[in-house]
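Have a look at it first, and then we can go through it piece by piece.

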Amino acid sequence: MIKLVSCALVLFLFIPMLILGQNKHSLSGTVKDKQNGELLIGVSFRVEGNPRLGTISNEYGFYSLSLPEGNQIVYVSYVGYEVQKIKLNITNNLKLDIFLESSADNGATLSEVVVTSRKKDENLSTSQMGTEVLNIKTIEKLPVLFGEKDILKTIQLLPGIKSTGEGNSGFSVRGGAVDQNLILLDEAPVYNASHLLGFFSTFNSDALKDASIIKGNAPAQYGGRLSSVLDVKMKDGNNQNFAVNGGIGLISSRLSVEGPIQKDKSSFIISGRRTYADLFLGLTEQFQGSELFFYDLNMKANYQINKNNRIYLSGYFGRDILGLNNSFGTNWGNASGTLRWNSIISNKLFSNTSLIYSNYNYDISFQNEVVNVGLKSKIQDWNLKKDFSWYASDNHFIRFGVNTIHHTIAPANITGSLSSSFPRKSRTSLEKAIYINDDHKVTEKLTLSYGLRISAFTILGGDTYRIYEKGELKDSVQLTKGAWGKTYFNLEPRLSSNYRINQVSSFKVAYSRNTQNLHLLSNSNSGNPTDQWIGSSYTVKPEISDQISIGYSRNFDDNNYEINVEGYYKNMQNQIDYRNGADISFNVGEDIEADLLFGRGRAYGLEFIAKKKEGKLTGWVSYTLSKTERKIDGINNNQWYNSRLDRTHDLSVVATYLLSPKWTLSGLFVYSTGNAVTFPTGKYELNGQTIFHYDSRNADRMPAYNRLDLSATYEAKKRKKFQGSWTFGVYNAYGRQNAYIIDFQDNPKNEGTTRALQTSLFRWIPNITYNFKF
Amino acid sequence: MKKQLSIATVLLFTLAACEKEIDLNLENKSGQLIIEGNISDQVEPHLVRITRSVSFTQANQYPAVSNALVTLSDNAGLVDTLKYLSDGNYRTNKLKAGVSGRTYTLQVFVEGKTYTAQSELPERVPLTGLRLVPMTFLGNTSYDVLPEYIDPPTLGNFYAFIVKASSQKGMVFETETDNFGNGVANQRDVEIPSDEDNPVKAGDIVNVEMRSIDKNIYTYFTAVDQLIGDGPNGGISPANPPSNINGGALGYFSAHTSQVRSITIK
């Protein structure tokens, strides 16, 4: 710990040297939407005649800009909003809250924009690599399965982000596993972001403001996962007027209510969603006593204490309930709460303090005449964060802070009429981090973002930890409650740079190290609600990844078209797999760690995206060429093999066309190489049953996947304050039978032979949704 | 319980799924040596079957290996050379019935290579009866069968159940461990094989064989179970089950107890 602190101190000592000798004044404040008071993230500020100056508002809508004395003209711009020109005579430090007017309210429509950076040419000026920002409003019109708009499915259409399966909300970033994505909802980690076997995500887009995904080169304030950060922010709620919006779909309905608590100052939003297939099923005799539904509830309120201090309270609660004929029931879900305190300490220093609670648990029960058993598990976090944004000078923007998370993991424990011979105890651990990151404009053309995150993971007492080497028990450590066990320290340097070649193009290079101390043991692609999270232990080491990326961006036609190309290479250490025959799903053995195997991973690829950002036709084409491999001690004769989600080609084409002010058409097409799988290379017979023989792991391919989805949105004329819209769509419009599962089995139609049977899921799935707001 | 979870998946699939047979160009690594050895505590012919694997597209006809030298020994001085019958089967000569607590060693010498395996015959746990347990799923009632026995208090008992029904061609092979429910009366039922088009009906006789097996065999059959019915992209990455045979052959050698009981479906 002392080492950690002194390291950080050295870093801080250098900073003042960078910012001596300034003779400027600052302009600072917050940026809001004029109509509803919603704080705006990523609004860009430009100073006329001085391209080196300029800034971007942070995730709480705060900005600070250093300006030389005298008359200045500042342009404030944000996608979907009117540009605001502000004339100022700078004589001393100035506070100014800015209200931007949505262009939609001036007659223009936002549907022209699909997915775009927040600033027209932000792709050229930011040093951040592998980042995509999704504006929730703008994904509304894309076709989706069952008409449930879903950010987790939209991001899968971006380069380097792959779907884990048909219609699934799980995703893999640059060859990483599903658990290597840090998914944050108002800073609270979401441990299982899916509903109903993965076909829906936990994100109700009515309650969301903004989402961004960073593919491995995240700045130092983020940490804890190897592959990506998906940072989702909830809406703050309208602080001007009460507003209601909702939707009625085939699968679920949604309703949101928002409004001011004190006008101009504070607001709230409550948003709910529930599926209702079960309400109809319940009417049939077959389904009597059965339940099958999920729901989400998002709530947020903010309160302005005074000009410089504001408090936010946000919460999420969602559950999946599945019960069959009173004999079998499952119930799982996430609950999280975030209490945040934003404080403007000075015109250059902004702080945010967050206390975050997060809980994921499941509860399964089964009963018949003979047996009744229950299975329960949970993962619970208490998380305290202190983060500072320091607009140190016109060319240094510094983020620094600390973060402590207390994890409690209660592994699956059986209760009821059967008891386990190896009851599991809850395990606790402490994850700590200290970080600093500097966004440095070195010259007019060169910007750097560099930082360091020092992370420490401590195993806390309360259980006995066995130490296995290659599956053999070597030793054990008994930690009494309150005792501190082993601590893993990791230094995670991050660097990204952007060199602006000219007005329309830039070149980027980045390196980043990430570590991960929570690991998900899953034996399926899409993930089961019962998949077990485990912390690093004496046997399980922290996962470590090093990623290098190089990119080139070019804009055309006054930033209307944008092309980004990125290449990456990623090396991953301490990757986890499990031995053949291990039953990890219900964890019946003495210690699951005895069944784990460890090794390395590597991933490399080339990502390409071309966007058209304005006009009647908007959209993008994204293509990824990639390779992902693993080498695990004890699997595939210790040779490198394809990871399951290794897919050579991935192509997405997304287009939205504004046909008339009332009608919008959109479509998307995806094509990808099949997943790497293991097919049998022969068969034999045991006990009179046919058994298949396998050789190299994942040396075969599922058939290639392709699909076209279409949708049309009709927006009726606004009547007084009420506006309704209809969305019609079809998923898999040409009915391609994509392979979801291939089963090898005895052929019932032709005895004495075997066959390969392909199961396909969704073809021609129509949807219709009615949305309204007033 | 795992089965119940997959029922939920099935439910979802039936809403939208469709199936078709497909042709795949599969690699052919046929000709692997397969050894299946079973020694029970009953007075019955104990067989070791040696065959070779075939390619996926061939018929389920497995070439018999008839020229092997197969010997069985135990830690009480027994040495038995097995006699070839037919269809790859070799039968014991001296061994009448296996004895609980003894470790049996199988040695197979074929085409210049030696394969060995060991298995310890566990203590017998009496199968005292069978009971039908009704299972209601979406309005349909079907039956599972509960093997009635009391697990011994010491931990480390493993069981295999082989269930057949008179109207059914298929069978169910399931394994259990006392990692759950150690030392108490069994509460876990076993499925009865039932074809979708031709389900089990009243009057069918259900036969259950209960075996006490050793730990290696339990692990082996658990791995086999994971392979069946959970194809690529759905379940685990399939791999060959961890065999207790040294020398590179596939299959297993199991010394186990055996008890058979039957019950009629009402």
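Helices (H or I, at least four residues) and strands (E, at least two) are DSSP runs here, numbered from the N terminus. Counted that way, chain A has five helices and 50 strands. Keep in mind that this is a predicted model, where local features need pLDDT of at least 70, side-chain atom pairs count only at pLDDT 80 or more, and totals for chains, interfaces and linings use all residues. As for names, residues are numbered from 1 along each chain as its sequence is written, while chains are lettered from A and ligands numbered from 1 in the order in which they are written.

**Chain A as a whole**

The C-alpha trace of chain A spans about 90 × 65 × 45 Å along its principal axes. Its radius of gyration, taken over C-alpha atoms, can be set against a globule rule of 2.2 Å times the number of residues to the power 0.38. For 774 residues, a compact globule would come out near 28 Å, and the 27 Å of chain A agrees with that.

A residue is called buried if 20 or more other C-beta atoms lie within 10 Å of its own, exposed if 12 or fewer, and partly exposed in between, with C-beta atoms placed from the backbone. Of the 774 residues in chain A, 49% are buried. Two residues are in contact if their C-beta atoms, placed from the backbone, lie within 7 Å. Take the contacts in chain A between residues at least 6 apart in sequence: 64% of them join residues at least 24 apart.

**Nonpolar cores**

In soluble globular proteins, nonpolar side chains tend to be buried together. A nonpolar core here is a set of buried Ala, Val, Leu, Ile, Met, Phe, Trp, Tyr and Cys residues joined through C-beta atoms within 7 Å. The largest one has 115 residues, and A:Ile151 and B:Ile35 have the most contacts inside it. Leaving out residues up to four places away in sequence, A:Ile151 touches several residues, including A:Leu134, A:Phe203, A:Leu208 and A:Val232. Another core, of 23 residues, lies apart from the largest one, and A:Leu27, A:Val47, A:Leu67 and A:Leu100 are among its members.

**Strands that pair**

Two strands pair if DSSP finds at least two bridges between them.

| Strand pair | Bridges | One bridge within the pair |
|---|---|---|
| β20(A) and β21(A) | eight bridges | A:Arg273 and A:Asp296 |
| β48(A) and β49(A) | six bridges | A:Ile741 and A:Thr759 |
| β49(A) and β1(B) | five bridges | A:Ala756 and B:Ile22 |

Strands β21(A) and β22(A) are joined by a hairpin through two residues. The β5(A) and β6(A) pair belongs to an open, antiparallel sheet of four strands in the order β3-β2-β5-β6 of chain A. The edge strands, each pairing on one side only, are β3 (55–56) and β6 (84–90) of chain A.

**Where the chains meet**

Which strands make up the sheet that includes β1(B)? It is an open, antiparallel sheet of three strands, in the order β48(A)-β49(A)-β1(B). Its edge strands are β48 (741–746) of chain A and β1 of chain B, each of which pairs on one side only. On average, neighbouring strands of this sheet are turned by 30° against each other, direction ignored.

The contact between the chains takes 72 residues from chain A and 69 residues from chain B. Among the elements of chain B that give two or more residues to it are α1 (2–16), β1 (18–22), β2 (33–40) and α2 (215–227). By class, the chain B side has 32 nonpolar, 27 polar and ten charged residues. In this count Ala, Val, Leu, Ile, Met, Phe, Trp, Tyr, Cys and Pro are nonpolar, Asp, Glu, Lys and Arg are charged, and the others, Gly among them, are polar.

**Two loop residues with positive phi**

Most residues other than glycine have a negative phi, and most peptide bonds are trans. A:Asn638 has a phi near 60°, and it is found in the loop between β38 (617–632) and β39 (641–642) of chain A. A:Asn638 is exposed, with 11 other C-beta atoms within 10 Å.

In chain B, the phi of B:Asp87 is near 55°, and B:Asp87 lies in the loop between β6 (83–84) and β7 (89–91). Is B:Asp87 buried or exposed? B:Asp87 counts as exposed because it has 11 C-beta neighbours inside 10 Å.

Methods. Axes fitted to C-alpha atoms, helices over the stretch in contact; angles between N-to-C directions.
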